[in-house]
Amino acid sequence: MKTLNNIKAVNEALDIAMEKWNEVIVFGEDVGYEGGVFRATEGLQKKYGEERCFDAPISESLFIGAAIGMAMNKLKPVVELQFLELGMASLQNILGHMGRVRNRSRGKYPAPIVVRTPMGGGIRALELHSGAIEAVFAHTPGIKVIIPSTPYDTKGLLLAAIESNDPVIILEPTKLYRAFKQEVPEGYYTVPIGEAAYIFEGNDLTIVTYGSQTVDCQKAVEEYESKNPNVTIELIDLRTIKPWDKKMIIESVKKTGRLLVVHEAVKSFSVSSEIIATVNEEAFGYLKAPPMRCTGYDIVIPLESGETYHQPTKEKILSKINQLIEYEF
């Protein structure tokens with residue numbers, strides 16, 4: 001076992017994949033000599049050469065298009081967008097082409113492309129460096145979307161994504177890159193795409209979250225249960241946004257009767273909207289309270305001084321837990 005933080009888990013997964021498959025090509029802005037803005041690709045160019053790990057020009061649309069061509073010619077490109085919202089220029093190729101290649105070619109060409117990018121707030125960067133637009137990708141057919149929260153999941157899900165014959169977007173919470181360390185198995189392993197994970201099991205409330213909010217939710221649950229020992233809360237880390245683990249969430253809500261969804265993305269037309277709508281369709285008769293959500297506001301990400309007002313916090317999550325547990329029809 002090794003003790004790694006999230007950024008080292010990314011680096012180790014890429015190293016293992018490049019050693020295992022000669023067709024894995026890593027590129028993006030500054031990923032070569034510099035090793036990436038957060039050092040996720042550090043040392044890879046020196047070890048595998050400039051043909052397999054290289055810097056791309058500042059043209060996200062161009063290099064995502066190049067990745068599509070590489071994938072159609074039997075390579076496995078792993079592309080880094082330096083920041084999620086700085087990569088908006090690539091959306092035409094991601095939404096209009098990357099997710100459609102297999103269908104458009106009637107299955108002749110798979111698209112084994114991985115796009116990695118930091119996402120979310122928490123490091124006091126400016127608005128185009130802190131957005132959470134996972135719903136945009138999740139809304140697009142043909143694309144899988146992953147948001148890991150722990151080093152174990154980061155490594156295992158990235159390797160599973162590189163294995164996949166379909167395009168996968170991995171949104172890596174910037175706030176968690178160096179937030180904590182965890183023991184991670186050495187060598188190759190994968191975490192299945194589409195399976196959520198229990199952080200805590202409980203009987204009175206289901207909380208579904210992902211990314212950096214898993215840490216905030218964990219703190220909120222521990223504090224609430226310490227003051228209310230007769231209440232137990234089920235905390236689920238979704239891990240994969242699309243396809244999402246509908247079965248686990250529905251079974252949990254049928255057991256607890258209450259649901260809270262927590263994420264930092266804006267509230268309207270969001271991942272929480274999809275989860276709550278599905279629970280209403282498939283488990284309405286089990287509900288003891290209206291499903292609720294704790295999310296960012298429907299605004300552009302504020303500048304540094306306003307960031308903490310926008311994001312879910314432990315205190316905001318505790319307030320929602322209280323509302324749900326004490327709710328009476």
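Me: Leaving aside its neighbours within four places in sequence, which residues is glutamate 80 in contact with?
Reply: This is a predicted model, and in it glutamate 80 touches Phe27, Gly28, Glu29, Val31, Gly36, Val37, Ala40, Thr41, Phe63 and Arg116, once neighbours within four places in sequence are left aside.

Me: Where is glutamate 80 found?
Reply: Glutamate 80 sits in strand 4.

Me: And is glutamate 80 buried or exposed?
Reply: Buried. The relative accessible area of glutamate 80 is 4%, and buried means under 20%.

Me: Arg116 was on that contact list. What joins the side chains of glutamate 80 and arginine 116?
Reply: A polar contact of 2.9 Å joins them. The two side chains also meet in a salt bridge, at 2.9 Å from N to O. Glutamate 80 belongs to strand 4 (residues 76-80) and arginine 116 to strand 5 (residues 114-119), so this pair ties together parts that are 36 residues apart in sequence.

Me: Is arginine 116 buried or exposed?
Reply: Arginine 116 is buried, and glutamate 80 is too.

Me: OK, zooming out. How many salt bridges does the structure hold?
Reply: There are 15 salt bridges in the structure.

Me: Which residue does glutamate 12 meet in a salt bridge?
Reply: That would be lysine 2, with 2.9 Å from N to O between the side chains. Glutamate 12 is in helix 1 (residues 6-20), while lysine 2 is in strand 1 (residues 2-4), so the bridge ties together parts that are 10 residues apart in sequence.

Me: What about burial there? What do glutamate 12 and lysine 2 count as?
Reply: Glutamate 12 has 10% relative accessibility and counts as buried. Lysine 2 has 34% and counts as partly exposed.

Me: Which residues are linked in a network of salt bridges?
Reply: Glu223, Lys227, Lys314 and Glu315 are linked that way.

Me: Which residues line the largest cavity?
Reply: Its lining is made up of Asn6, Val10, Pro148, Ser149, Thr150, Thr154, Glu172, Pro173, Leu176 and Tyr177.

Me: Which elements each supply at least two residues of that lining?
Reply: Helix 1 does, and so does strand 7 (168-173).

Me: And what is the lining of the largest cavity like by class?
Reply: It has five nonpolar residues, four polar ones and one charged one.

Me: Now the second largest cavity. Which residues line it?
Reply: Gly121, Ser130, Glu264, Ile301, Glu307, His310 and Gln311 line the second largest cavity. By class, that lining has one nonpolar, four polar and two charged residues.

Terms used
Residues are numbered from 1 along each chain as its sequence is written. This is a predicted model: local features need pLDDT of at least 70, side-chain atom pairs count only at pLDDT 80 or more; totals for chains, interfaces and linings use all residues. Side-chain values use heavy atoms; hydrogens and water are left out. A salt bridge is a side-chain nitrogen of Lys or Arg within 4 Å of a carboxyl oxygen of Asp or Glu. Helices (H or I, at least four residues) and strands (E, at least two) are DSSP runs, numbered from the N terminus. Buried means under 20% relative accessible area, exposed over 50%, partly exposed in between (1.4 Å probe, protein chains only). On a 1 Å grid over the protein atoms alone, a cavity is a set of points where a 1.4 Å probe fits but cannot get out, and a pocket is an open set with protein on both sides within 12 Å along at least five of seven lines; lining residues have an atom within 4 Å of a point. Ala, Val, Leu, Ile, Met, Phe, Trp, Tyr, Cys and Pro count as nonpolar, Asp, Glu, Lys and Arg as charged, and the others, Gly among them, as polar. A polar contact is a pair of N or O atoms within 3.5 Å; within protein, one must be able to donate a hydrogen and the other to accept it, and residues adjacent in sequence count only if both atoms are side-chain atoms. Contact means heavy atoms within 4.5 Å.
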